[in-house]
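My entries follow in the order of the look-ups.

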Amino acid sequence: MTQSTSPAKIRSFEPGDLSTLLSLNNAAVPAVNELGAEEMLDLVDQSLLCLVALMDDTPVGMLLCFGEGAGYTSPNYRWLSDRFEQFAYTDRIFVDDTQRGKKIGEALYAALFEHQAGTGRCFACEVNERPPNPGSLRFHSRLGFQEIGRADNGATSVIYMQRDPEPAR
């Protein structure tokens with residue numbers, strides 16, 4: 001189990017979060033892809049879980065997760081769907097640059113792990129190798145994710161990572 005000592009409060013996405021989270025998402029490019037408001041809402045609607053980190057009641061981070069069987073057409077999601085029957089796929093996680101170092105990403109994942117405990121779902125994500133994102137690779141490795149594959153998508157290449165399911169608590 002991953003425990004977090006972050007001062008952030010974690011809760012589910014609420015419609016009033018959209019404009020702040022959209023700005024944070026788009027500031028995180030190329031670690032995540034840029035989105036418009038309608039695209040972000042569509043992703044949230046399809047997601048298994050969308051968690052938001054708050055500091056002083058202001059959104060400062062987000063983790064968006066898809067489960068198996070979603071209609072999501074991302075090549076990374078399809079790659080994982082071909083390999084796992086049950087999974088919780090982190091499509092994106094980002095934290096406001098001004099809030100880095102406060103363990104907010106860790107708190108978002110701790111909430112995801114707790115929410116999915118006992119479901120049998122493994123946890124999966126991909127990290128950009130090109131353009132490189134060594135900070136995300138170190139972060140996910142610290143949380144117990146291990147490399148399970150790679151893909152070259154032309155302009156980008158990714159490292160797929162997986163963490164075992166959380167046992168029931």
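I began with strand β3 (58-67), where 9 of the 10 residues are buried; buried is under 20% relative accessible area, exposed over 50%, partly exposed in between (1.4 Å probe, protein chains only). I took helices (H or I, at least four residues) and strands (E, at least two) as DSSP runs, numbered from the N terminus. The model is predicted, and local features need pLDDT of at least 70, side-chain atom pairs pLDDT 80 or more, while totals for chains, interfaces and linings use all residues. Residues count from 1 along each chain as its sequence is written, and side-chain values use heavy atoms, without hydrogens and water.

Next I looked up the strand partners; two strands pair if DSSP finds at least two bridges between them. β2 and β3 run antiparallel with 7 bridges, and Cys 50 stands opposite Leu 64 in β3. The hairpin of β2 and β3 has 2 residues between the strands, and Asp 56 in the turn has a positive phi of about 55°. β3 also pairs with β4, antiparallel, over 7 bridges; there Cys 65 has Thr 90 in β4 as its bridge partner.

Then I turned to helix α2 (residues 37-46), whose buried residues are Met 40, Leu 43 and Val 44. They lie on the same side of α2 because they cover an arc of only 100° around the axis, taken from the directions from the helix axis to the C-beta atoms. Glu 38 and Asp 45 are exposed on the other side of α2. The cover over the buried residues of α2 includes α1, β2, β3 and β4, counting contact as heavy atoms within 4.5 Å.
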